[in-house]
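These are my notebook entries on one structure, set down in the order in which I looked things up. I began with a single side chain and then widened the search.

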Amino acid sequence: MILFLTISIVVATMLGAMLYGHQKSRAKSVSEWAVGGRRFGTLIFWFLNAGEIYTTFAVLGISGFAWAYGAPAYLAFTSVSLAATLGYWLMPRIWQAGREGGFITQADFFAARYKATWLGCVVGLAGIIAIIVYVQIQITALSMILRLTLGAEVSVLASAILAAVIMLGFVYVAGLRSAAFAAGVKDVLMVVLVVALSATVAHKVGAISILDVFDKVQDQHPGIGVFPGLVPEAGLTVTWLMTSALNVALGTWIFPHMFQLCYAAGSRKAIRRNAVWQPLYSLSFFFIILLGFAALLAGTQPPGGDVNAALLQFVSDSYPSWMIGLLAGTACLLALVPGSVLLLTAGSIFSRNVLMPLRPGLSDQAALRASRLSMVVFAGGAVWLTVGATASLVEIGLSAYAAIGMLAPGVFLAFLWPRANAVGVAAGMAAGYVVLLVPAAQNLFGLIFPEWEKGLVAMGVNAIVAVVVILITSAREKTAQPQPVAG
């Protein structure tokens, strides 16, 4: 029953997505394949945007974080609302720039705004690396679900490869439109599933009501509802929450695939309506955290103590097989939809901003083939990262946000400061990556800013260095300009 329901949900959605994509357009160009012809209205943009925010990171990751740490899972509430607020201002500007410049990728925007093809290439490569890390989240979750449905005898490597193959199939042919259809199906199923589980979870753990679940878990695990939660030594304090939420909010729209989603919108109104109503989705996190607490109350022990599997194991222990199948199928879509769009974005960046500068005469059809083939390579990189990984989905997600945050100062300066230049942005990125990746720099800034999210610290250093270098270089350029001769 579990296997049948899971396969049915995934296969039916894949077939519907491909038929929808082909019916609307056969994606014969990179523009149609990557940004859907720039014609997405409010409803389809809503589902696709939500599909990139509400992923396995949100459902399996946050519920597992609540099971393992308690209050730190509240990060989900704050980051989503902050991101939507920022998106109301930023997304229409990205859309306008993409419409006027005919951009397809984020790197197109950097190259044009800063008049530097080389910067577009650097930004493109940085974006691809961050995307591969984020795809790792989806493949980790999807391979875990496949092992639940196919049996534990399936190896982690085999399940990860199968997950990547299914993910590639979603967008390989029809592109972004396929993912848009699947996102709508996924969101509806997610709401149905969360409501069904939340309505019955109190009975499963011996509580009277949903609120009684919170009371009981607080009685059994004092301090679970306040910071730093169940594991004080982890350093997940209020300071960590605020800095992590701010880092996620600043980085959400900086991911290259979110840029492409903005380009795909049909109008500024569609984007702003989406930003106004999107925070409603954050209400679902109340129930997702509830399920994590319920799993803790029930004494759930996921295999190997895997935080990411807490919700899956709880449902497997407490619910009938049809409910497990529904969860497994929905969770597959939670991984497939964002993962496929991420791979599509990476492929688009590679063909346009890495390959085309090397081969200027590359035809549109050749670029489309290169995009599709490169996705296979990037999926392979994500599979490699997945095998042997033990971190929670939330921790992996924060690493991806830290990496992509190195592009954030360049985006905001592009819209806020006309004097911003390529040299300053590149210098800031270099400094930020040093803080983020070099152990000595990590230790130094860890002492200065204890409990801060390291991605936000690196982003701050990035921004300061960028501003200083821009001021110096712009002053030199002004001095070097020939002065008018007095007549």
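This is a predicted model: local features need pLDDT of at least 70, side-chain atom pairs count only at pLDDT 80 or more; totals for chains, interfaces and linings use all residues.

**Entry 1. An aromatic pair at neighbouring positions**

**Entry 2. Overall make-up**

I next noted the totals. The protein contains 22 helices and 0 strands. Of its 487 residues, 59% are buried. I took the contacts with a separation of 6 or more and found that 86% of them join residues 24 or more positions apart. The exposed surface comes to about 19000 Å², and carbon and sulfur atoms supply 68% of that area.

**Entry 3. Nonpolar cores**

I searched for nonpolar cores. In soluble globular proteins, nonpolar side chains tend to be buried together. The largest core here holds 148 residues. L60, F110, Y114, I139, F314 and V315 have the most contacts inside it. Helix α7, residues 117–150, gives the most to this core, namely 17 residues. I also found a second, separate core of 5 residues, among them L362, A366, A367 and A370.

I followed I139 further. Leaving aside residues up to four places away in sequence, I139 touches A160, A163, A164 and M167, and also A379, A382, V383 and T386.

Which helix holds Q136? Q136 lies in helix α7. Its relative accessibility is 8%, so Q136 counts as buried. I checked its distance to G380: the two C-alpha atoms are 10.0 Å apart in space, while the residues are 244 apart in sequence.

**Entry 4. Aromatic pairs and a cluster**

A search of the whole structure gave me 21 aromatic pairs. I examined the pair of F109 and F415. The ring centres are 5.3 Å apart and the planes meet at 25°, so I list the pair as stacked. F109 belongs to helix α6, residues 106–113, and F415 to helix α19, so the pair ties together parts that are 306 residues apart in sequence. The accessibility of the two partners was looked up separately. F109 has a relative accessible area of 4% and is therefore buried. F415 has 25% and is therefore partly exposed.

Both residues belong to one aromatic cluster, which also takes in F103, F110, Y114, F259 and Y263.

**Entry 5. Helix α19**

Helix α19 spans residues 408–416 and is mostly covered, with 7 of its 9 residues buried. The buried positions are A408, P409, G410, V411, F412, L413 and A414.

Which residues make the nonpolar surface patch of about 540 Å²? I list Y88, V276, W277, L280 and L283. L280 is in the loop between α13 (268–277) and α14 (284–297). With a relative accessible area of 46%, L280 is partly exposed, because the value falls between the limits of 20% and 50%.

**Entry 6. Backbone exceptions**

My last search concerned the backbone. Most residues other than glycine have a negative phi, and most peptide bonds are trans.

- The peptide bond from F227 to P228 is cis, with omega near 10°. P228 sits in the loop between α10 (210–220) and α11 (238–252).
- K115 is not a glycine, yet it has a positive phi of about 50°. K115 is in the loop between α6 and α7. Its relative accessible area is 76%, so K115 is exposed.
- E451 is not a glycine either, and its phi is positive at about 75°. E451 lies in the loop between α21 (439–448) and α22 (454–480). At 42% relative accessibility, E451 counts as partly exposed.

Technical notes. Residues are numbered from 1 along each chain as its sequence is written. Side-chain values use heavy atoms; hydrogens and water are left out. Buried means under 20% relative accessible area, exposed over 50%, partly exposed in between (1.4 Å probe, protein chains only). Helices (H or I, at least four residues) and strands (E, at least two) are DSSP runs, numbered from the N terminus. Contact means heavy atoms within 4.5 Å. Accessible areas come from the Shrake-Rupley method with a 1.4 Å probe; for residues, only the protein chains shown count as cover. Patches are made of residues with over 30% relative accessible area and no salt bridge: like charges are joined within 9 Å, nonpolar side chains (Val, Leu, Ile, Met, Phe, Trp, Tyr) within 5 Å. A salt bridge is a side-chain nitrogen of Lys or Arg within 4 Å of a carboxyl oxygen of Asp or Glu. A nonpolar core is a set of buried Ala, Val, Leu, Ile, Met, Phe, Trp, Tyr and Cys residues joined through side-chain atoms within 4.5 Å. Rings of Phe, Tyr and Trp (its six-membered ring) pair if their centres lie within 6.5 Å; planes under 30 degrees apart count as stacked, over 60 as edge-to-face and the rest as tilted.
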